[in-house]
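Start by looking over the fold.

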Amino acid sequence: MVTPLSLLILEDSADDALLLVKALQQSGFDPQWQQVETQQDYLAALPKGFDLILADYTLPQFDALQALEILQQSSWDIPLIVVTGSISEEVAVQCMKQGAADYLLKDRLARLGPAVTHALQDRKLLDQKRQAEVALQQNEAKFRCLIQHSTDLITILGLDGTIKYTSPAHKTVLGYQAEDLLGKSVFELIHPDDLIQAVAHLQEIVQTAESHLSRTEFQVLRQDGSWCVLESTGSNLLADPSVSGIVIHSRDVSQRKQAEDLLRHNAFHDQLTQLPNRALFLDRLEQAIHLLKRRDDFSFAVFFLDLDRFKVVNDSLGHQAGDQLLSAIAQRLKFQLRLGDTFARLGGDEFAILLENIRHVSDVTRVADRIQQSLALPFDLNGHEVFTNASIGITLSTPDHKLPEDFLREADIAMYRAKTLGKARYEIFSLGMHEQALALLQLETDLQRAVDSLERVNNQPFELQYQPIVSLETANLIGFEALLRWQHPQRGLVSPAAFIPMAEETGLIVPLGQWVLRQACRQMAQWQRQFPKDVPLSISVNISGRQFAQPDLLDQIKQILVETGLDARSLKLEITESILIENTQLASTLFLKLKALGIQLYMDDFGTGYSSLSYLHHFPVDMLKIDRCFVNSLDNPSQTGREHKSILQTIVMLAQNLGIDVTAEGVETAAQLAQLKAIKCGYGQGYFFSQPISATKATHIIAADRQAKLKHLMTA
């Protein structure tokens with residue numbers, strides 16, 4: 001059966017209007033429709049009389065809220081449904097509160113038919129209620145007959161609020177029989193929080209000449225002791241002899257209010273932890289700032305927490321375990337704070353705390369210590385014992401006027417300072433940190449520009465330097481390690497320790513690493529052509545974790561080898577132990593493919609990370625490069641020197657048993673060289689032989705009688 005429908009569409013897209021019409025046709029309606037876009041056309045069309053209005057929320061010169069306001073201020077009682085492409089939870093609540101029959105998204109038009117049916121039914125019920133109100137004025141008997149069957153709660157009150165009549169719906173909604181309520185004051189049922197509002201509403205009805213007033217809401221006590229929310233309108237029928245009272249029409253809107261409260265809660269709370277979110281935290285912080293301006297004895301502190309090694313939990317146990325950890329941390333840290341403190345999740349593994357009414361900086365540091373102690377205890381995630389900690393940045397309130405975002409930024413800067421100094425600690429913000437953060441930001445910008453200029457300008461900001469690698473047994477030069485240097489136009493030579501971690505964090509290390517690999521291979525190929533020998537020199541290039549994770553890394557290396565003409569056997573790739581830990585499966589597969597090409601793999605900085613020799617059984621590593629911290633203490637007669645020598649001797653022996661060569665980095669003295677030769681370490685590099693040098697100087701070294709000079713150095 002097809003239902004006729006007179007329809008007004010407030011929409012600026014003809015295609016979208018047709019989609020709405022087709023959706024209604026599929027739901028069994030036969031729409032006769034008119035489309036308008038402007039307020040003028042909307043006002044001109046309303047007198048024609050329509051069953052329903054479908055309105056887009058936002059038009060270029062008009063919107064659904066304005067359309068609703070026009071309806072409410074006019075005599076046209078037409079249900080309006082908001083149909084839009086996107087709408088926030090707050091706007092949805094506002095539309096419903098302003099009188100929209102419903103709202104839905106354009107990508108969910110399957111709901112349009114039921115929504116229209118419901119709106120038309122509501123309008124029909126509303127028309128019936130109005131007819132009943134007219135009948136009440138004409139005849140008391142007819143009035144009572146109609147309201148006996150109404151689904152709304154209809155109450156007749158005296159001037160003082162005494163209940164003179166209740167409809168049967170009171171039993172259904174509130175649980176009361178008529179005799180339970182007659183003669184009582186309606187205010188006995190109103191919640192204390194809403195009592196003043198209810199009294200004022202009744203007085204307004206008594207004093208107005210209008211028969212209908214705007215809606216009001218208040219909480220009413222049910223017979224079972226619970227509370228519900230009623231939406232009520234009142235009519236002053238004191239002068240009507242058939243009624244002689246105030247008629248209150250009410251409906252239970254508890255479910256709608258719960259939905260609105262849930263939408264409001266979700267707008268200001270994190271769904272995972274149920275903590276306040278960034279929006280609510282900034283609002284609370286703004287209130288604290290206003291209070292700081294009014295009271296000399298008030299102060300506060302802002303904490304910014306970032307979990308250390310949270311990514312390891314996500315990568316190893318999965319995101320569900322990561323979510324469980326975040327929830328567990330939220331619950332645990334709540335107990336370290338006072339009731340009035342604000343604890344929020346900003347997103348990811350970042351949290352913030354607002355401590356108010358602090359008296360001394362020691363109050364702040366005690367809280368930070370409690371947090372660190374609490375996080376030091378293990379978390380049980382489905383049988384997995386997990387340890388975590390946090391880097392905490394703290395900023396204290398100051399009398400100068402700041403925005404909430406300024407305090408949060410300062411705490412964030414201090415948190416990064418804590419991470420830089422070793423994690424699992426807290427730092428309090430100082431102006432020097434801000435200046436340092438600005439300097440780092442500028443350095444990051446300069447680094448981005450420098451990387452963007454690669455292969456495009458003649459005077460490159462980057463250059464490669466080369467440090468010789470020497471056979472300790474024969475004193476022969478076997479190759480070089482390529483080391484990146486950045487010549488900043490204003491700052492001069494920037495330390496790799498300053499810009500390499502930044503390049504890793506920003507991802508710039510990927511294009512930068514490709515450039516380094518290409519330049520190093522090109523240079524070594526040139527040297528091999530210039531100085532041919534039976535055993536060609538090799539070039540060692542560091543590969544970062546970000547580079548290693550690139551899915552096309554193998555193809556990049558192949559292409560560079562083809563472009564430069566370098567034999568793959570002359571290329572040595574240096575990786576760190578952390579790459580093996582974080583990308584075990586990927587490393588195992590990629591290593592085999594690289595080895596198949598003839599490329600050798602060096603494990604760099606061995607001994608400073610996990611130092612698990614078990615990894616050497618699973619990965620085809622050709623060379624271990626012992627970190628300089630072990631080599632530097634070899635000529636030290638202290639206990640540490642003896643321990644480091646013992647460790648080195650053990651590593652060399654085990655590596656030899658596995659068929660793996662060893663290179664000692666940071667060789668600086670003849671005594672260190674003698675110790676390394678004594679434990680049969682195969683290779684070395686360091687300032688004793690040569691500091692990193694330019695390609696030109698390296699060419700001179702290769703051209704000279706290098707072997708004789710090296711032998712002289714090693715036997716001196």
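Cys629 is partly exposed, because its relative accessibility is 35%. The model described here is predicted. The sulfur of Cys629 lies 14 Å from the closest cysteine sulfur, that of Cys681, so the two are too far apart for a bond. The structure has 0 disulfides. Cys95 is buried, because its relative accessibility is 0%.

**The parallel sheet**

An open sheet is built from 5 strands. Their order is S2-S1-S3-S4-S5, and the pairing is parallel. Strands S2 (29-36) and S5 (102-105) stand at the edges. Each has a single partner strand, so one side of each lacks a neighbour in the sheet. On average, neighbouring strands of this sheet are turned by 25 degrees against each other, direction ignored.

Strand S3 (residues 52-55) and strand S4 (residues 80-84) run parallel and are joined by 3 bridges. Within this pair, Ile53 stands opposite Leu80 in S4.

Helices pack on this sheet too. Helix H1 (residues 14-26) touches strand S1 (3-10), S2, S3 and S4. The direction of H1 makes about 165 degrees with that of S2. Helix H3 (residues 64-72) touches S1, S3 and S4. The direction of H3 makes about 175 degrees with that of S4.

How many of the 12 residues of strand S19 are buried? In S19 (residues 477-488) the count is 10, so the strand is largely enclosed by the rest of the structure. The pairings of S19 are listed below.

| Partner of S19 | Sense | Bridges |
|---|---|---|
| S18 (residues 462-471) | antiparallel | 9 bridges |
| S20 (residues 492-494) | antiparallel | 3 bridges |
| S21 (residues 538-542) | parallel | 3 bridges |

Individual residues mark these pairings. Gln465 stands opposite Leu483 in S19. Phe480 stands opposite Ile539 in S21. His488 has Gly492 in S20 as its bridge partner.

Two hairpins involve S19. S18 and S19 form a hairpin with 5 residues between them. In that turn, Ala475 has a positive phi of about 65 degrees. The hairpin from S19 to S20 runs through 3 residues.

**A helix residue**

Is Ala596 buried or exposed? Ala596 is exposed, because its relative accessible area is 67%. This residue belongs to helix H22 (residues 584-597). Ala596 and Ala568 are 28 residues apart in sequence. In space, their C-alpha atoms are 9.8 Å apart.

How values were computed. Residues numbered from 1 in each chain as written. Predicted model: local features only at pLDDT ≥ 70, side-chain atom pairs only at ≥ 80, totals over all residues. Heavy atoms only, no water. Disulfide = S-S within 2.5 Å. Buried < 20%, exposed > 50% of the residue type's maximum accessible area, 1.4 Å probe, protein only. Pairing = 2+ DSSP bridges. Helix = DSSP H or I, 4+ residues; strand = E, 2+ residues; numbered from the N terminus. Axes fitted to C-alpha atoms, helices over the stretch in contact; angles between N-to-C directions. Contact = heavy atoms within 4.5 Å.
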